[in-house]
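Colleague: I am new to this model. Please take one part and look at it closely with me, then set it in its surroundings.

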Amino acid sequence: MVFTSRDEAESAGTEFSLDSSEQLAGDPAERAGLGPWRLTGRRLRRDKVAIASGIVFVLLIAACLAAPLWASEVAETTPEENHLSDQVLIDGKPTDVVDMLGKPIGPTWNGHFFLGADGNGRDIMVRLLYGGRNSLVIGLAAALGTIAMGLVLGLLAGYYRGRADSVISWAMDVLWAFPVVLLGVALGTALALGGLDLGPITIQGDSLAIPILIISIAYIPYLARPVRGQTLALREREFVEAARAQGMGSMRVVFTEVLPNVASTLVVFLPLLVANAILLEAALSFLGAGVQPPQASWGTMIAEGVERITSAPHLVIVPGAMLVLSVLSLNIFGEGVRDALDPRARVRIEH
Amino acid sequence: MSSAMARFVVRRLLSMLLVLFAVSVVVFLIFNVLPSGDPAVRMAGKIPTETQVEAIREEWGFDEPLYVQYGTMMKQLFSGEMISYFTRQNVSEEIWKGLPRTLSLAIGAAILWMALAIALGLYSALRAGAFSDRVLTVLALVGISMPVFWIGALMSYYLGYKAGIFPNGGYVEFADSPFEWLWHLVLPWTALSILFIGFYSRVLRSDILETMGEDFVRTARAKGLSERRVLLKHVLRNSLIPIVTLWGLDFGAVIAGGAILTESVFDIQGVGQYAADSIKQLDLPPIMAVTMFGAFFIVVFNAMVDIAYAALDPRIRLEGRPSR
């Protein structure tokens, strides 16, 4: 599923420019002489909600990094260990982790089974933290992959124009025409079965690299199109012409003159891409084409929970709530970054 | 229609066909080049003998060169004679069966999300900065941060299974009982719409606020129009253009497979769920057919939006002309 519209992406691309000091002159807090990035940092720091959301996301990452600590010190189990025939003390009396009818216990709010157990008697809190690692790693890696590939393709198409542009733009059209979830699920299922064997690179079928690759490819057009558009405009500007006139090679012009000017677009896209990648990972895992069992991710946990929702709704609520919390914090933070980088958006909000 | 416009439409249609061709080749290659297993071996059953596999390979033409297999597949696709490898059912008949379900879901949801997004976007633009606007902003962000299958499963459990207000998934034909049809679709429509309501209402809100600062709005006020008339006739009409564009694109995308998760959660058995089931078996013919069906909708709605824009704005036609 796609959460940024193409029009938004395209118009966004042309709006973010950092060399707009005249536009900023009206704001008294923004003294002259500061670089555009420092100005952005200042504006962002004033946006308390965005900062708080960013902190929430960082805390979530920290919690998931501490997963082994929680597992060994507090819960005293592993994400894969079954406790089907075990008992825990609840209100002083021993209770089956999974009862005779297969109904797992709900949250105990104690170290063991803090958030309850799943149908296999596994500790949900432990799985939630380990699953979060997978969800977040996939989200971050896929977003960086999209940025790397989309940036290169967009710069190439926009700077060299001509045949390179035709081929790349056409490839983007083809990618755009694919139903995203359908393509992702088809690729994910096919790859999960046989893995990928590209000469020296071999990827196992259950590797996280597969969902990362699929998701990063799926979002390329969202980034490549605005980067191409900006590059097309930038290459006609005087400073690029001056660099060329000085005899700089085109590679150097692209990296030292054009790239710094599209960097703001990348910064705006990053948090939103991570948020969408986490959501797409969950969707793929829900349809069985993302993270492969017994590994956990928030998406696979929701998928497993839906099977048992009538007896244990907490199996669906808990991982979904974590997912929503992380995506929401990223979205709010991302909006803050966008407003801080784009003074026009700022003006709009202050209406 | 001017000749420039006619040329634009023709060029747009040609590129559409080329894109669809590329999509079909990519899908075909995914399932023939990736090591996802030999379909003949999987079709032959649990313990296949070499001769059985060989016979299937010959019967289905898996021993032919790839380009011949691709040609056969396309011919079957367009003549409606495509057969699933595993269920042996006719693929176009299955898609045809699922289509009214997918369309019921997509059309109803599209109307719901557009109506609510306009109402909420207009309301929060008029109350910009007020408490109610902030609440709506937060709600919209929550809406775009929720996976549709999660909120769908929770709605189905709490409002369907537990409270018993709505049916717990499934679909009833409109012809059988219009009321049951509607009642079964209320939750799926809502679940599918939440994301778009959140997204569109935000876009509309900022567009309205931007339009309110335009000169023509000041002129309309200055010539004495009532605030209500200014708002509906001048501001809203202009601010609607971007989200109507999105509406066209998203509607195409929802039919094309965007509803796959909603259909699976609510067991609607539409085209999307058919695709999901076929993918689990790596059943190439239905996957190919549904992907082409989906890509067709996406491409057609994209082209319609482009052509509508070109018809309204002559500059786009000029920009679209190859510069080389």
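In which helix of chain B does Leu240(B) lie?

Modeller: Leu240(B) lies in helix α10 of chain B. Helices here are DSSP runs of H or I with at least four residues, strands are E runs with at least two, and both are numbered from the N terminus. This is a predicted model: local features need pLDDT of at least 70, side-chain atom pairs count only at pLDDT 80 or more, and totals for chains, interfaces and linings use all residues. Residues are numbered from 1 along each chain as its sequence is written, while chains are lettered from A and ligands numbered from 1 in the order in which they are written.

Start with the residue. Leu240(B) has 18 C-beta neighbours inside 10 Å, so it counts as partly exposed. Buried would take 20 or more other C-beta atoms within 10 Å, exposed means 12 or fewer, and partly exposed is in between, with C-beta atoms placed from the backbone. Val10(B) is 230 residues away from Leu240(B) in sequence. In space their C-alpha atoms are 28 Å apart.

α10(B) covers residues 227-258 and belongs to the side of chain B that touches chain A. On that side, 51 residues of chain B are in contact with 46 residues of chain A. Contact means C-beta atoms, placed from the backbone, within 7 Å. α10(B) supplies the largest share of chain B's side, 8 residues. Other elements that give two or more residues include α1 (3-33), α8 (178-212) and α13 (284-312) of chain B. By class, this side has 38 nonpolar, 10 polar and 3 charged residues. Nonpolar covers Ala, Val, Leu, Ile, Met, Phe, Trp, Tyr, Cys and Pro; charged covers Asp, Glu, Lys and Arg; the others, Gly among them, are polar. For the complex, the predictor gives an ipTM of 0.87 and a pTM of 0.86.

Step back to chain B. Its secondary structure comes to 14 helices and 0 strands. The C-alpha trace spans about 85 × 65 × 35 Å along its principal axes. Of its 324 residues, 37% are buried. Take the contacts in chain B with a separation of 6 or more: 72% of them join residues 24 or more positions apart.

Next, the domains. An automatic or database assignment sets the bounds. It gives chain B domain 1 (22-79) and domain 2 (97-312). Their centres, taken over C-alpha atoms, are 38 Å apart. Between them, 9 residues of domain 1 are in contact with 8 residues of domain 2. On the domain 1 side, α1 and α4 (66-79) of chain B each supply at least two residues. α1(B) gives the most, with 5 residues. The class count there is 7 nonpolar, 2 polar and no charged.

α4(B) deserves a moment. It has 14 residues and reaches 20 Å from first C-alpha to last, close to the 20 Å expected. The expected span is 1.5 Å times one less than the number of residues. The number of its residues that are buried is 0, so α4(B) lies largely in the open. Just after α4(B), Gly80(B) takes a positive phi of about 70°.

For another picture, turn to α5(A), residues 67-75. Its buried residues are Ala67(A), Trp70(A), Ala71(A) and Ala75(A). They fall within an arc of 100° seen down the axis, so they line one face of α5(A). The arc is that of the directions from the helix axis to the C-beta atoms. An α-helix has 3.6 residues a turn, so residues three or four places apart point the same way. On the other side of α5(A), Leu69(A), Ser72(A) and Glu73(A) are exposed. The cover over its buried residues includes α4 (48-65) and α6 (124-160) of chain A. Just after α5(A), Glu76(A) takes a positive phi of about 50°.

Last, confidence. pLDDT is the predictor's confidence in each residue, from 0 to 100. Chain B has a mean pLDDT of 85, and 94% of its residues reach 70 or more. Within chain B, helix α5 (residues 91-126) is highest at 93, and helix α14 (residues 314-320) is lowest at a mean of 53. Over residues 319-324 of chain B the pLDDT is below 50. Beyond near neighbours in sequence, that stretch has 2 contacts in the model.
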